[in-house]
Each structure stands twice: as structure tokens, then as C-alpha cells.
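Dear colleague,

I am handing over the structure below, followed by an account of what was found in it. Please read the notes with the coordinates open beside them.

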Amino acid sequence: MPAGRAVHFRGFEICCTFGSTQLYMLFVSGVDLYRSEVGEPPAAAEGSAAATKHNSSEYRGVSWHERSKRWEARAWGSGRQHFVGSFSSAAEAARAYDKAILKLGGAGPKSASRLNFPLTDYDLQEIANMNFPV
């Protein structure tokens, strides 16, 4: 499909920048062709290449590293990216990411808003004494 807007709605008229067979396949697959006024793209069909990103995680700061076959955590602080570590599970990497965010930025509201889990799950005194490679 070409980049940009693929389906333009003009009252009762529809203009497509791709073939009718492709439009029919989109319609049958259940893709939402509605576009909001700000021009957001339609949601990807379940099971499509756009919907299944294998290198991402449900957690912030955690991604799959294909070469090592492990989850990696990376955190931003002091204007640069810090490698936190690689882990066997995404949840373990997310906990390490949270600890790194708290170590780099303190327990303020900005840091708390970037966490994957509630702030009450962590011992702030232990994190303050943690030796994190900065």
C-alpha cells in the first residue's frame, strides 16, 4: 500500500489510491477504514505484519533482542540512554527498568509517571544505595 492516506472520503464519493481487490481484502479482514479528523491511520488487522511486532514488549523501556534471545531494558537519564541489562523475562526486565528510572531521576512525579509498576512496589532506600552503572 502506498504511504499516506489510502482512502479519501468525499461525501458519498470514495477515492482509493490502490486497487479494488486490495480494498475488498481490507474490508473483509475487518480493518477499520474510519479516519479521525487529525488523520490517524486505520488500525492494523490482527495477525498482520504491522500488528505483530516481535521486538517490542508490553512494558516501557523493554525490548526483545533477537541476537541474544533475551529481553533488554534501556532507560533514558541525563540526556542519554543507559543499558540496564538483559533478562530472561519481560517482567524482570521491566522491574530493572523501573529501578533504573528511580535511581536516575529520583522518586518525583516525573519518574513515577514513567514506571511500569506502582511506586509502592519498590523500596526507595534500597534503590538509593543500589550501584547502577551511570
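From the N terminus on, the elements of the protein chain follow the order β-β-α-β-β-β-α-α-α, which amounts to 4 helices and 5 strands; here helices (H or I, at least four residues) and strands (E, at least two) are DSSP runs, numbered from the N terminus. Please bear in mind that this is a predicted model, in which local features need pLDDT of at least 70 and side-chain atom pairs count only at pLDDT 80 or more, while totals for chains, interfaces and linings use all residues. Residues are numbered from 1 along each chain as its sequence is written, and side-chain values use heavy atoms, with hydrogens and water left out.

For the chain as a whole, the accessible surface comes to about 9400 Å², of which 53% belongs to carbon and sulfur atoms; these areas come from the Shrake-Rupley method with a 1.4 Å probe, and for residues only the protein chains shown count as cover. Of the 134 residues, 24% count as buried, where buried means under 20% relative accessible area, exposed means over 50%, and partly exposed lies in between (1.4 Å probe, protein chains only). Among contacts (heavy atoms within 4.5 Å) between residues at least 6 apart in sequence, 32% join residues at least 24 apart.

The sheet comes next. Three strands form an open sheet in the order E3-E4-E5, with antiparallel pairing, two strands being paired if DSSP finds at least two bridges between them. Strand E3 (62-65) and strand E5 (80-87) stand at the edges with a single partner strand each, so one side of each is left without a neighbour in the sheet. Neighbouring strands of this sheet are turned by 35 degrees against each other on average, direction ignored. Between E3 and strand E4 (residues 70-77), which run antiparallel, there are 4 bridges, and the bridge partner of His65 in E4 is Arg70.

Helix H2 lies across E3, E4 and E5 and runs at about 15 degrees to E4; axes are lines fitted to C-alpha atoms, for helices over the stretch in contact, and angles run from 0 to 180 degrees between N-to-C directions. With 16 residues, H2 reaches 22 Å from its first C-alpha to its last, close to the 22 Å expected at 1.5 Å a residue, the expected span being 1.5 Å times one less than the number of residues. The buried residues of H2, among them Ala93, Tyr97, Asp98 and Ile101, pack against E3, E4, E5, H3 and H4. After H2 comes Gly106, whose phi is positive, near 80 degrees.

How many salt bridges are there? If a salt bridge is taken as a side-chain nitrogen of Lys or Arg within 4 Å of a carboxyl oxygen of Asp or Glu, the count comes to 3. Glu66, which is partly exposed at 48% relative accessible area, forms one with Lys69, the closest N and O atoms being 2.5 Å apart. Glu72 forms one with Arg74 at 3.2 Å between the closest N and O atoms; Glu72 is buried, at 9%, whereas Arg74 is partly exposed, at 33%. Asp121 forms a salt bridge with Arg95, with the closest N and O atoms 3.3 Å apart, and this pair links distant parts of the chain, since Asp121 lies in the loop between helix H3 (109-112) and helix H4 (124-128) and Arg95 in helix H2 (residues 90-105), 26 residues apart. Both are partly exposed, Asp121 at 41% and Arg95 at 32%.
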